Amino acid sequence: MFKKTRIKIVASIMSILVLLWAGTLGVIYASSYFELSERNKRMIMEHADMYVLSKPVDGLPPDLHMKDNGKPKFSDTPMFQLSTFYTVAISYDGDILEIKNNQPTLHTDEELKNLSFSIAQGSKTLGTENSLLFYKTDKNGYTLVTFMDNTIIHESATTLFRYTLIFGCAAMIIFFFLAVFLARKIVSPLEESYKKQKQFISDAGHELKTPVSVVSASAELLSREIGDNQWLANIQYENERMGLLVGQMLELARTENVLSQKERIDFSRLVNGEALPFEGVAFEQGLSLQCDIEPGIIIEGNSPQLKQVVSILLDNAIRHGTEKSEVRLILKKERNSARLSVINAGDEIPPEQRTQIFERFYRADPARNGEDKHFGLGLAIAKTIITAHKGRIEVLCYDGLVEFKAELPTV
């Protein structure tokens, strides 16, 4: 139980950290990407607007620079001056008018020419090809394809992202061990308190066992001396209830603290055998017991404890079943699990009580104080046994029915 709690705490802490880390990085990188993209777009468009042919071409109007609108220009910034641009001017007939390539070692004229023809024939005016941001514009007489080299920017961004991931993963590993440490510190007092509670129940049960036996023997001897007596009968009744409570407390402590021996069990046969005596019990309560047991279901477990689970669930269903209705016992194999369901007609259990119903001494009806010789330990014992067998148990309410469903792994 506490192991699962520690795992949930660690998982919660790590989930929050990962979400915060991923969200922060996502916002930073997304904003940086859009800002960089917008800046590069403005720079390449400004470079294209500034472009003029080195030599006038017959039949073409003179090139005009962009008009000064009073806004800051990227051409005046160091970023613009340090950027690498390539331009290819193509006539409407498909002839190359001019190629400006200041660094032919990076991209050859032939490479730029072929890429420009492809872009000129395409529909896109702005995009990226092979780490080159391109912009296509009509210069009133010819088509200009401008390229901006983003190789260094891409490599820098990739390097930054790689190191961010490396250091982020290293930080997450450190935070993971820190979360494990914190989970242990958080759960440790609860675990210690739970152990003391279990120890108290065990010690109290053993301490009460002797006086209960003495009172029972003394009351029996006294009844032989004085015969029937109302006060003595009350003592014997209450002592019997106390004996049952002590027995259940000791059973719960033994189930929780002692590792039981497990073996291969024909669970179908065990359930069928345990259900037979309850047919008469159900009949006396005005109910009928219907069994639907799939044969040949084999599990690994402790036979006496599993019999106790079946007995607890059937007894609970019969005691709370509506008169003249039926109690159904179903055992089916589903994939790698054996599903044991005990269903009775009865009042719906409120949702807030369905998780508490398996706790020790919990009673859905607080007005009932054990007069029926049940003290709210049966379902707690059943859950402890099921959990020890690596299974799970839950209660479901639907259509006026209450179902206690237990699942156990099969062999």
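**Close-up views of a predicted model**

**View 1. Lys-113 and Glu-110 meet through their side chains in a salt bridge, 3.3 Å from N to O.** A salt bridge here is a side-chain nitrogen of Lys or Arg within 4 Å of a carboxyl oxygen of Asp or Glu. This is a predicted model, with residues numbered from 1 along each chain as its sequence is written. Local features need pLDDT of at least 70 and side-chain atom pairs count only at pLDDT 80 or more, while totals for chains, interfaces and linings use all residues; side-chain values use heavy atoms, leaving out hydrogens and water. Both partners sit in helix 3 (residues 109-121), three residues apart, or about one turn of the helix. Helices (H or I, at least four residues) and strands (E, at least two) are DSSP runs, numbered from the N terminus. Lys-113 is partly exposed at 24% relative accessible area, and Glu-110 is partly exposed at 44%. Buried means under 20% relative accessible area, exposed over 50%, and partly exposed in between (1.4 Å probe, protein chains only).

**View 2. Arg-339 and Glu-403 form a salt bridge, with their closest N and O atoms 3.7 Å apart.** This pair joins distant parts of the chain: Arg-339 belongs to strand 10 (residues 337-345) and Glu-403 to strand 12 (residues 401-409), 64 residues apart. Arg-339 is buried at 15% relative accessible area, and Glu-403 is buried at 6%. The whole structure holds twelve salt bridges.

**View 3. Lys-405 forms a salt bridge with Glu-394, the closest N and O atoms lying 3.4 Å apart.** Here Lys-405 of strand 12 pairs with Glu-394 of strand 11 (residues 392-398), eleven residues apart, linking distant parts of the chain. Lys-405 is buried at 16% relative accessible area, whereas Glu-394 is partly exposed at 25%. Take in the neighbours too: Arg-392, Glu-394, Lys-405 and Glu-407 are linked in a network of salt bridges.

**View 4. Helix 6 (residues 267-284) and helix 7 (residues 303-320) pack at an angle of about 35°, with axes 10 Å apart.** Residues making the contact include Phe-267, Leu-270 and Phe-278 of helix 6, and Ser-303, Leu-306 and Ile-318 of helix 7. Contact means heavy atoms within 4.5 Å. Axes are lines fitted to C-alpha atoms, for helices over the stretch in contact, and angles run from 0 to 180 degrees between N-to-C directions. Ser-303 counts as buried at 18% relative accessibility. Leaving aside residues up to four places away in sequence, Ser-303 touches Glu-263, Ile-265 and Leu-270.
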